[in-house]
Structures are given as C-alpha cells and as structure tokens.
Amino acid sequence: MQGNNNISSNLKRKKLKDFIPLVIAFFGCMVLLSLYQNLRLYFDGVLDSFLNKSFLLLIMHHTGFGALMAFILAFLFNYLENKKANLGYNVSKIVLGILIVIEGALIEHYIQNYEVLDYNMFRFVEIVREGYSVLPIVIVLVATILLFLWFGKVTESLYNVVSRTFPLTIILFSMFLATLNSEKKPINENKTQHYIESAVNNIFDFNKYEGDAEYPLIKKRGGKGRLDNYFNLAETKPNIVVLIVDGLGSDFIGKNAKYKGFTPFLESLSNQSLYWKNHVSNTGEGFAALPSIMGSLPFGKNGFTNLESKVNRQTMFSVLKENGYRTSFSYGGNSALNGLDRFLDEERVDEILDKKGFGDGYRLQDEDAAGISLGYPDKELFRKWQSLDKFTSMPRLDVFMTLSTKNPFLIPDQKEYEEKVDRILMASKMDKRTKKLVNRNKEVFASLLYADQAIEDFLKGYRRQANYNNTVFIITGSHNLKDLPQDDNLGRYKVPLMAFGPLLKYPKKIDALVSHADIAPSLISMLDGNYKMKVPNKVAWLGDDLIHEGIFKKTKQIPLFRNKKNVHDYIHENLFVSGSRVYHINNDLVLDKPGDNAPVTQAKDNFRYFKAVNKYVTANNKILPRSEALYAKGSKEFTKAEMVWVQSVFNGNDFDKAYKTARNLAIDNDWDRALLLANYILSKIPRHADTEVLIGRIHSWKKDYKTSIVLLSEVIRKYPTYTDAYSALLDTYYWADKSEQADQLFKTIEQKGISSREINEKITRAKEQIRKNALKKATEHVKKETNIVAVDIK
C-alpha cells in the first residue's frame with residue numbers, strides 16, 4: 001500500500017506547458033478533417049478544387065471553435081491537476097479526442113447528405129449507429145486520433161513560443177471572438193459548434209409550438225364581408241390602387257392628431273373616404289408593412305420578406321392575378337433591401353418599378369451624410385409610373401410604397417417646404433412644447449408636406465387614366481414615425497386607413513379597431529362577393545374583416561412586429577400586451593391600467609401562443625400546405641450538391657462579388673457552373689440586372705440564340721434604360737443573323753434615348769450586316785431570275 005502512495009507522490013503534476021501541445025495537436029487534427037471533407041467533396045464531383053477559399057474559412061472556424069474549447073478546458077485542466085496529478089491532462093485528452101470523433105461523424109453526415117446536422121439527439125444516435133458507409137471516416141478518425149496523440153509529443157517545444165507572446169487564455173479567447181463575425185456557411189463551419197448552438201437555441205427556446213395541428217393558422221375562409229356595402233361596384237372588376245406611405249401615422253391625420261396642418265390634402269381626403277379612426281399597422285418597420293397589407297401574413301424572425309426560403313401563402317397579388325388582374329409594384333428605392341424583390345418575384349408580380357428602372361430625366365433624392373441616396377422621391381415615383389404603358393384591357397392592382405417621409409428626409413426643394421412649416425407654425429394653435437418639437441424636426445414635417453402634395457398631384461393625374469371611374473383607392477401609413485416621440489408603445493403602430501374613389505357611396509368615419517392584416521381579406525371578400533372569383537376556401541390570414549360594430553371586437557387578436565427579432569407587442573380585444581406588461585386600451589386608443597376582471601392571463605397566453613406559432617409556421621413552411629398555395633413552387637430549386645458547390649465559391653453576402661465570380665466562370669467557358677451561380681444569385685436577388693444580362697449572354701455564347709433573345713428582351717422590358725441589356729441583345733442578334741429584329745431594336749433604343757459609344761458601334765455593325773444581307777438577297781434574286789430566263793430561252 002505504501003508503495004502505491006510513493007508512486008502517486010512521484011507523479012508530477014502537469015502544467016500549462018503540457019496542455020499547450022494537446023491544443024496544438026487538436027488544431028492539427030481539425031485541419032486534417034477539413035482536408036478530408038474537401039477531398040471527399042472534390043472526388044465526388046461537388047467541388048471544383050479542394051484547396052479554395054471555403055477551405056481556409058473552414059480552418060478559421062475550426063480554429064475559433066478549438067480556441068473556445070481550449071479556453072474552457074484550460075481552467076478545468078488546472079483545477080483537476082490540483083486535485084490529482086495527471087487527472088486534468090488525461091481528461092483533456094479524452095475530451096479533445098471525443099470532440100475529434102464527433103466532428104468527424106458530423107462531417108461524414110455532411111458529406112453524404114450535403115447538409116449540416118441540426119440538433120436532434122435521436123437522429124444523431126441513429127447516424128452514429130447506422131453510419132452510412134462508415135469505413136472512410138473510421139479510417140480517418142483512427143488515423144487522426146493517433147496523430148493527435150503523436151502531435152501532443154511533437155509540439156511540446158512550441159509552448160515556449162506561445163508563452164512569450166501573451167497569456168494563453170487571452171490568446172485563445174481572442175481567436176474565438178475573431179471568428180464570430182465572419183461569414184458562416186455549412187461547408188465552412190465547424191459542425192460540432194453548429195450542433196451545440198442548435199441544441200442551446202432549442203433547449204432555451206421557451207416559445208415552442210406544441211400544438212397538434214400541422215398548420216395552426218389555417219381556417220375556412222369567412223363568408224361575404226361588409227366592405228362592399230359602401231361601394232357601388234360595376235359589372236366589371238374594379239381597379240385596386242394601394243398607397244403605402246412610409247411613416248404616415250395618426251399623429252398627423254384625424255381628430256386626435258398631435259401635429260395638425262402638415263398633411264392638408266390627406267386630411268381633406270379623409271372626410272371624403274371611409275376612414276378608420278382606430279386603425280393600426282402590424283409593424284413598426286416600413287418594409288414589413290407590405291406582406292401584412294397584401295397577405296395578412298405572419299412575421300417570422302426578421303420580417304416575412306427576410307425569410308431565407310420560400311413559404312407557401314396566399315396574397316392579394318396572387319389571388320387577384322389568378323382572377324385576371326394585371327399586378328404592379330412601384331417603389332423609388334432599392335427593392336432588393338429586406339428581400340422585397342424576392343417576395344414580389346415569388347408572387348409573380350407583372351410589373352416592378354424600383355430605383356433601377358427610372359433612367360434619365362428623373363432626379364434622385366439627395367445623398368445623406370454617408371453619400372447614399374435612398375432613391376427617387378415621391379413626385380418622381382408617381383411621374384415615372386404615369387409615363388409607363390398600361391395594360392387597360394384587364395383590371396389592375398397597383399401598389400405603391402413611398403420613401404420621402406423616411407429618415408433622412410432629404411426631399412427636393414427642402415428650403416421651400418421648411419418655410420411652409422414655419423408659416424403653419426405661426427398660424428397654429430399648438431402648445432409651445434409641440435411647436436418647439438416641430439422646430440427641432442423641421443425636415444420631418446417638411447417631408448410630410450412634400451409627400452402630401454405628391455399624393456394630391458398623383459390622384460389628380462390618375463383621373464386621366466382609363467377606368468378611373470371604376471377604381472377603389474386605399475391609402476395607409478406603413479407605421480407611425482419613430483423619429484418623433486410617442487406617448488406609449490402603442491403609438492408606433494397607429495396609422496390612418498382610408499378607402500375612397502368614384503365607386504364609394506358615401507364617406508363615413510369607422511370606429512372599429514382593425515389592422516393592416518384585415519385589408520387583404522376584406523378586399524378579396526368584397527370582390528368575391530360580387531364577381532365570379534377563384535378564391536381559396538382555406539386561408540391562413542391573421543386578419544378578417546375591416547368592418548365590425550363598436551371599437552373592440554370580441555376575440556380580436558392583432559400581433560405587432562416592432563422591429564427585427566422583436567415580436568414584442570400584441571392586442572387582445574381591448575388589452576395591449578407589451579413585453580411582460582398588460583394595459584387597457586380606452587376608446588381613444590390611449591393606454592391605462594387594466595380592470596380587475598380583465599382577462600390579463602388569457603391575453604398573455606395568446607401572445608405566447610402566437611409567438612410560438614409565428615416561429616413554427618415560418619421556419620417550417622407550415623402556413624399553408626402546398627395544395628392550398630397559389631404559387632407554391634419557386635422559380636428555381638437547387639440540389640444539396642449544387643448548394644455545397646455554390647457555398648464553396650460564394651461565402652459571403654456580397655452578391656455583386658458573386659456576380660463577378662459567375663462572370664469569370666463564363667469567360668473561362670465554364671458555362672454550366674456560371675449559370676448555376678447566376679441562378680442562385682437571382683433566387684436571392686431576382687432583380688440583379690447584371691446577372692440577368694449575364695445569363696442571356698451565356699445562352700448566346702452557347703449558340704442558344706432563341707433562349708438568349710427571350711431572356712434579354714425580358715431584361716429590357718424590366719429595365720428599359722439599362723444600356724448593357726441593349727448591348728447584349730445587339731450582340732445576340734448579330735451572331736444569330738437576326739437583322740430584321742435588330743432593326744426593330746434600333747427604334748426602341750432611339751425612343752428610350754439610349755446612347756453610348758459601344759451601342760453606336762454595335763448599331764453601325766448591325767446596319768452593315770443588314771446591308772450585306774439585303775445585297776445577298778438581291779444577288780440571289782437576280783441569279784434566280786437569270787436562271788429562269790435562261791430556261792425559257794432554251
């Protein structure tokens with residue numbers, strides 16, 4: 001017994017210098033596993049090469065994860081070594097060895113399935129047990145573990161190098177932090193870290209949907225709504241025009257407006273309309289209003305348009321398009337921001353006008369302090385739309401989003417409008433405090449005056465449109481301006497809603513508390529009740545009808561998306577839930593203390609349930625089954641193997657950089673890969689004009705001229721002033737020897753004012769081709785006539 005104690009006492013406790021080689025060996029094993037992953041994918045034909053940028057990023061993320069594990073283990077190592085000699089060292093070897101095995105197993109799963117494994121313990125055990133073809137990874141893991149043990153001895157001398165630079169723990173933690181903000185894709189991330197993060201998110205997610213219904217939002221569509229009681233609808237379907245004014249809140253319009261006089265036209269228009277005094281937006285963000293208004297849709301985590309994958313749904317765009325409507329969306333800004341263009345593309349909107357489609361003759365809004373212009377101001381937006389050709393043989397759904405009442409409020413002729421603000425203040429009966437606030441935010445109120453006048457001019461101009469007398473207009477705000485102080489958390493959502501037009505029977509002020517989510521269901525019900533419409537029987541809309549008796553409707557639920565990652569507020573009948581607090585909503589939409597008998601617990605429970613459902617249906621495509629969605633399938637679907645390759649050549653979010661990669665591939669005649677990457681870009685940013693032109697060019701280079709002409713003609717239709725599209729189409733016509741079609745294109749180029757040295761040279765080249773073709777035809781004709789004469793003489 002004494003001998004054993006002597007042996008134990010003779011064991012020397014390991015120190016940090018003994019731990020360092022284990023960490024370095026672990027890093028080396030991660031590099032080997034990285035090489036194994038990419039080699040397997042390369043030999044499977046998925047990757048073009050195994051040593052590429054994604055390989056370097058993979059090593060970087062392995063290093064970050066390894067650094068974090070080493071940082072944690074360093075403290076455990078010292079603690080256990082102080083308890084018993086070699087205990088910390090042996091435990092560290094076992095833990096790092098287990099991490100190597102787990103990472104190897106997860107890499108093998110990725111290689112065989114082309115997707116990284118999310119948290120699911122039973123699935124993980126099943127993978128380990130069944131193992132697919134386990135021989136390759138078993139061999140690699142055995143070799144890696146042996147190398148790990150060998151590395152531990154070989155790298156002992158490196159401790160002195162590390163120890164002289166900085167304390168080990170600080171170095172390791174800094175390495176981990178450096179990887180947090182780097183771009184992660186399945187091909188280049190540490191699979192164990194992904195699995196752990198997924199597990200933590202799953203375990204600590206207290207808003208899980210645990211209901212039995214696979215599609216918890218789906219319901220039978222209600223019967224005829226009450227909105228059509230206020231309109232004299234004609235025999236033919238009416239045009240629908242929807243104006244979404246950014247930041248137009250109820251602070252500026254209505255009886256209880258805090259800032260009167262800054263929207264005089266809209267104020268007067270509210271007296272000629274159906275006007276909802278107690279209407280709220282479902283969102284505090286401008287971009288998120290569109291899916292609520294047009295589709296009565298849930299929000300997801302960052303807003304519906306920011307969902308990463310296609311989710312089945314029904315919207316006013318798709319329902320009306322299926323019923324013979326021509327649909328359009330017009331916006332002066334960049335529709336690629338927050339995925340608006342992808343949402344519109346999935347809804348197959350016929351005409352999309354955004355910042356790219358204006359061309360010469362239209363004035364951009366001034367740049368902000370960062371040198372960025374939001375886009376075209378409201379008057380330019382309406383002027384551009386009115387200049388476009390309209391399809392008048394069918395009813396239209398035209399949707400507009402404005403941006404002039406958006407920070408930084410850089411409207412044209414700003415000084416002139418600010419002087420108008422001064423005159424309004426002088427004549428106003430506002431209190432001193434309010435006047436002081438207006439003076440401090442003069443640019444905000446000047447933008448409201450500008451937008452108000454732009455809308456007035458637009459509606460006057462619309463009177464000249466065909467079918468004006470058969471049009472229903474809807475105007476609402478996206479949300480209340482957050483650049484001005486609000487009385488309470490409900491204030492951000494208070495926005496006006498008015499419906500008007502020649503078909504309106506009479507104006508009326510409506511008390512009902514309703515939201516954006518009620519607009520699409522009400523309009524669709526109105527149309528369905530008066531025309532033979534193809535409308536789904538089952539829907540998943542968050543809203544219902546815009547008309548009900550009184551202010552508060554029994555069982556009325558209005559979810560509110562304050563901003564990204566924040567579904568923080570909720571209305572349950574006449575209660576407002578904000579975070580953990582519950583307030584009573586009085587008849588003026590002012591918050592006060594709830595009564596003793598108020599169903600506070602039920603309101604909180606409903607809010608929790610909605611948050612769980614919102615996450616579940618958007619993350620798992622469970623809003624509607626595919627059979628009930630009008631446009632269920634996206635324009636392009638990619639296999640898992642294709643996605644692995646895409647992620648190997650495009651690791652970030654810079655789609656302009658991805659376009660350059662696709663262009664270089666095309667220049668190198670790797671047309672199939674170039675088309676794959678280009679189509680992926682368009683699946684994320686459907687209106688990436690350069691990529692659309694590149695696809696057209698690639699088909700032309702492949703001598704598929706017919707497809708090229710169709711694609712490039714569509715690009716010109718979408719961007720009628722985009723020079724590169726005309727240049728590409730002129731090339732295709734030249735190579736395809738389509739001189740007659742080129743001649744037609746000349747007229748369009750002249751009409752649109754397209755001019756550049758390159759275009760002029762290609763027009764000259766095309767005209768020369770036309771001349772030669774004409775000469776060739778004439779020569780052939782003369783030969784033919786000569787032969788006929790010769791035969792007759794004989």
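Colleague: At roughly what angle do the axes of helix H15 and helix H16 cross?

Modeller: This is a predicted model, in which local features need pLDDT of at least 70 and side-chain atom pairs count only at pLDDT 80 or more, while totals for chains, interfaces and linings use all residues. Residues are numbered from 1 along each chain as its sequence is written, and side-chain values use heavy atoms, with hydrogens and water left out. Helices (H or I, at least four residues) and strands (E, at least two) are DSSP runs numbered from the N terminus; axes are lines fitted to C-alpha atoms, for helices over the stretch in contact, and angles run from 0 to 180 degrees between N-to-C directions. The axes of H15 (residues 414–427) and H16 (residues 432–440) come within 11 Å, and they cross at roughly 175°.

Colleague: Are H15 and H16 roughly parallel or roughly antiparallel to each other?

Modeller: Angles under 35 degrees count as roughly parallel, over 145 as roughly antiparallel, 65 to 115 as roughly perpendicular and the rest as oblique. The crossing is at roughly 175°, and the two helices are therefore roughly antiparallel.

Colleague: In E14, which residue is the bridge partner of Ile-558?

Modeller: Strand E14 (residues 569–572) runs antiparallel to E13, and four bridges join them. For Ile-558, the bridge partner in E14 is Ile-571.

Colleague: Which strands are at the edges of the eight-strand sheet?

Modeller: This open sheet has mixed pairing and the order E6-E5-E7-E2-E8-E9-E3-E10. Each edge strand pairs on one side only, and the two are E6 (351–353) and E10.

Colleague: What is the angle between the planes of Tyr-230 and Tyr-506?

Modeller: Rings of Phe, Tyr and Trp (its six-membered ring) pair if their centres lie within 6.5 Å; planes under 30 degrees apart count as stacked, over 60 as edge-to-face and the rest as tilted. By this rule there are 34 aromatic pairs. The pair of Tyr-230 and Tyr-506 is edge-to-face, with 5.8 Å centre to centre and an angle between the planes of 70°.

Colleague: How many residues apart in sequence are the parts that this pair ties together?

Modeller: Tyr-230 lies in the loop between E1 (219–220) and E2 (239–245), and Tyr-506 in the loop between E9 (497–500) and E10 (508–510), so the parts tied together have a sequence separation, in residues, of 276. This applies to the pair Tyr-230 and Tyr-506, and the value is 276.

Colleague: Is Tyr-506 buried or partly exposed?

Modeller: Buried means under 20% relative accessible area, exposed over 50%, and partly exposed in between (1.4 Å probe, protein chains only). Tyr-230, at 8%, is buried. With 41% relative accessibility, Tyr-506 is partly exposed.

Conventions
Two strands pair if DSSP finds at least two bridges between them.
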